[in-house]
There are 2 protein chains.
Amino acid sequence: MTDYWCPSAWLPDGLVSGVRVRVENGVFTEVSAGSEPGDATRLPGVVFPGFANAHSHAFHRGLRGRTHGDGGTFWTWRTRMYDLAGRLDPDNYLLLARAVYAEMALAGITCVGEFHYVHHAPDGTRYRDPNAMGHALAQAAREAGIRLTLLDTCYLAGGIGQEISEEQRRFSDGDVHVWAERVARLAPTPDLRIGAAIHSVRAVPRAALATVAAFDGPIHVHLSEQPAENDACLTAYGRTPTQLLADAGALGPRTTAVHATHLTSHDIALLGESHTGACLCPTTEADLADGIGPARELADAGSPISLGSDQHAVVDMLLEARALEHGERLRTGQRGRFSPAELVGAMTAHASLGWPEAGRIAVGAPADLVAVRLDSPRTAGCTPEQVLLAATATDIDTVVVGGREVVRAGVHILGDVGRLLGAAMAVVEAAR
Amino acid sequence: MTDYWCPSAWLPDGLVSGVRVRVENGVFTEVSAGSEPGDATRLPGVVFPGFANAHSHAFHRGLRGRTHGDGGTFWTWRTRMYDLAGRLDPDNYLLLARAVYAEMALAGITCVGEFHYVHHAPDGTRYRDPNAMGHALAQAAREAGIRLTLLDTCYLAGGIGQEISEEQRRFSDGDVHVWAERVARLAPTPDLRIGAAIHSVRAVPRAALATVAAFDGPIHVHLSEQPAENDACLTAYGRTPTQLLADAGALGPRTTAVHATHLTSHDIALLGESHTGACLCPTTEADLADGIGPARELADAGSPISLGSDQHAVVDMLLEARALEHGERLRTGQRGRFSPAELVGAMTAHASLGWPEAGRIAVGAPADLVAVRLDSPRTAGCTPEQVLLAATATDIDTVVVGGREVVRAGVHILGDVGRLLGAAMAVVEAAR
């Protein structure tokens, strides 16, 4: 049993001063507002529920600060990304993902949704354990001390009506039923839940969509990140990617559309009416020159908003939340398109990852806490309510995951995360 | 005499490995590439020339994390800003600006352009020293260990054809010639240069523009930050703000247009052909919902690009540089609109502040150095050349200004900058 006292904390109804929480067996058993610290462990600053990183490709971290030399587009970036994907194996991916998930823990991320598609050996051969790569990711998250939703991704085509390419062979199970059989062998644990993903309407043929959509759990899909995807879909099927997914029965409250950048107003209505979630990845969408998606319109239409760091150009949910709001401001000329409370909601949205009980400081919820300092050069003078518009991940002091202190005074249980990242990337780079 | 050794450093022609520099009397006297460290002091990571923050309103730092509660626009934000401006006096402004300039030093800023318009007592009465506020800013920068260009700002009207308002009285000298006489009494020192500013075409009547433009030194002007400014100018004068400035002889290589967000293609041509600088303030332009300006077009037309943190929603030139490039990517769908070298050029552009000799690691230049770590959770794995697209100000280890180590191991000579900021803001808040 541990008691924590928070000078202020985000409870389900908003920011509250003087909050004392009791943690037993990894869950909150008491939450009392207006309390004195007594003998509880005092956390500094403002305390948030755990952050959920709803969209991650862990290995893309290896591309950070390496793809800006020669201009290009999303599509030329993808060539670099395929080269890196080609170097992974279960051993080096464990090292890399563990370091990336530790970086996430430092940034207050207590649960990550890994959109996982590097399933097989580079030539497409199955590993002895056909889920060796997924199991490496699960172990990486466990060692880094955070929860994982493994969104096992169906990836069958190189484009609409196109064969899988050489570099994509390791992504493909060849057939949607073979994919489904492999995924059925993945077993959840207390720290791990299993979800499914349609890579995109480019990579999953129309006839296979319903099979993935029948998965009993969270379903994610890359949706309309680039205009070229829309163009290809309209040409092949005479409808937008959103409409195609709707027609296949793939929209609904268990589904999350990732990016949702280039949408028609009808697409927005389809997503909102079906309560399909929208996961925005604003720092990636800026880095990859995707564009600014209609986040406010999606939220107003009925889509719950979540956030992801995706390719990990940065791993900082505070910067993601801020970039979400900044995108809105830049495209509308209005401030406060999302209130601070709504931005907190997006940073802590666990439902799309299949952990609906998490992301809340409330009795019965997993005991996840993120303490952000209010006295750093960045945050001094901010109101507790608005600090998320000024802080960065380096202002995070303490991170508790299921009652365990994974980060204390800004230091992760595994030690120097910069060194872990550097060492892991050196191993991956030396591969092949 | 001090020798430093840099594993890699940005020299005028690009990034170079193994650079040894000698500093004597505050300037570089030797710069040798491909050197061994020998007995020189080793700096970590990548070493940049000093960063220039070309646009600052120091007191706006007091608004950080305090104006996001209720939506609104640039104009409702301005009301909050006027309330804060009303609380300043020379004593509390010294405290606040010293802390803000120390925050800038931590962020690698070795020279700041302060666009200064809070000249007089709140009712417009002159202080005994009519430049008391400007002198407070000069002292603040000196104590924080950075260079200052005091851009003394002419502010005479509450809008085109409008009287100055109650809250604006302390900004105004009443008459452009009175402004000029006051500014003529400001004297440069080794750490201080004097420039002039036209607040905007809203605040300086057409007939007064040429007088400010005749100032012998750098001239800055807020230009087309908001569509409403353009509308008012077109209505009153039948021309854009840029054209109005051109007609008054206020454009040219000594002039810097700040923001330059909402421009016509003719405006861009006027600015570029005259080699008027363009100072973008991307984090402010996002925060205040201004929009994304045509930075690449301005650069291509002939305008040197500089960067400013303006209202200090953040103080982080690395984030400004990244946001400049991200804005370009978001509006064009292309990556690499500015190369890393161009972004370094913008972060270190001192010419618009009247220090053309600074911002270069070269013999004869002021010995300003900024060392950015390559082994943090944010920067591990980045190439030295591209680290500016991943690092934040917290990755800055050492900052040398004119040969003096103002920041060492991330700690400023004045100590805990978060505490200095908090204390100064408490004093300002208690005023009146």
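Leaving aside neighbours within four places in sequence, A:Ser224 is in contact with A:Glu229, A:Asn230, A:Pro241, A:Ala260, A:Thr261, A:His262 and A:Leu263. The model is a predicted one. A:Ser224 sits in the loop that joins strand S10 (219-223) to helix H6 (227-237) of chain A. Its relative accessible area is 0%, under the 20% cut-off, so A:Ser224 counts as buried. The backbone of A:Ser224 has a phi near 50 degrees, a positive value in a residue other than glycine.

A positive phi also occurs at A:His259, where it is about 85 degrees although the residue is not a glycine. A:His259 belongs to strand S11 (residues 255-259) of chain A. This histidine, A:His259, is buried, with a relative accessible area of 1%.

A:Pro122 lies in the loop between strand S7 (109-116) and helix H3 (132-144) of chain A. The relative accessible area of A:Pro122 is 34%; the residue is therefore partly exposed, since that class lies between 20% and 50%. Not counting residues up to four places away in sequence, A:Pro122 touches A:Gly86, A:Tyr127, A:Glu166, A:Arg169 and A:Arg170. A:Thr189 is 67 residues from A:Pro122 along the chain, and the two C-alpha atoms are separated by 28 Å.

Helix H1 of chain A covers residues 74-85. At 1.5 Å a residue, its 12 residues should span 16 Å, and the end C-alpha atoms are 16 Å apart, which agrees. The buried residues of H1(A) are A:Phe74, A:Trp77, A:Arg78, A:Met81, A:Tyr82, A:Leu84 and A:Ala85. Seen down the helix axis, these residues fall within an arc of 155 degrees, so they line one face of H1(A). An α-helix has 3.6 residues a turn, so residues three or four places apart point the same way. The buried residues of H1(A) pack against helix H13 (417-430) of chain A. At the start of H1(A), a side-chain oxygen of A:Thr73 comes to within 3.0 Å of the backbone nitrogen of A:Trp75.

In chain B, helix H4 (residues 176-184) has B:Val176, B:Trp179, B:Arg182 and B:Val183 as buried residues. Viewed down the axis of H4(B), they fall within an arc of 120 degrees, so they line one face of the helix. The face turned away from this buried side carries the exposed residues B:Glu181 and B:Ala184. The buried residues of H4(B) pack against strand S8 (147-154), strand S9 (192-198) and helix H5 (206-213) of chain B. At the start of H4(B), a side-chain oxygen of B:Asp175 reaches to within 2.6 Å of the backbone nitrogen of B:His177.

The relation between the chains was then examined.

Confidence scores complete the description. Chain A averages a pLDDT of 97, and 100% of the residues score at least 70. The model scores ipTM 0.97 and pTM 0.97.

Terms used
Residues numbered from 1 in each chain as written. Chains lettered and ligands numbered in written order. Predicted model: local features only at pLDDT ≥ 70, side-chain atom pairs only at ≥ 80, totals over all residues. Heavy atoms only, no water. Helix = DSSP H or I, 4+ residues; strand = E, 2+ residues; numbered from the N terminus. Expected span 1.5 Å × (residues − 1). Buried < 20%, exposed > 50% of the residue type's maximum accessible area, 1.4 Å probe, protein only. Arc of directions from axis to C-beta. Contact = heavy atoms within 4.5 Å. Polar contact = N/O pair within 3.5 Å; in protein donor to acceptor, adjacent residues only side chain to side chain. pLDDT = per-residue confidence, 0-100.
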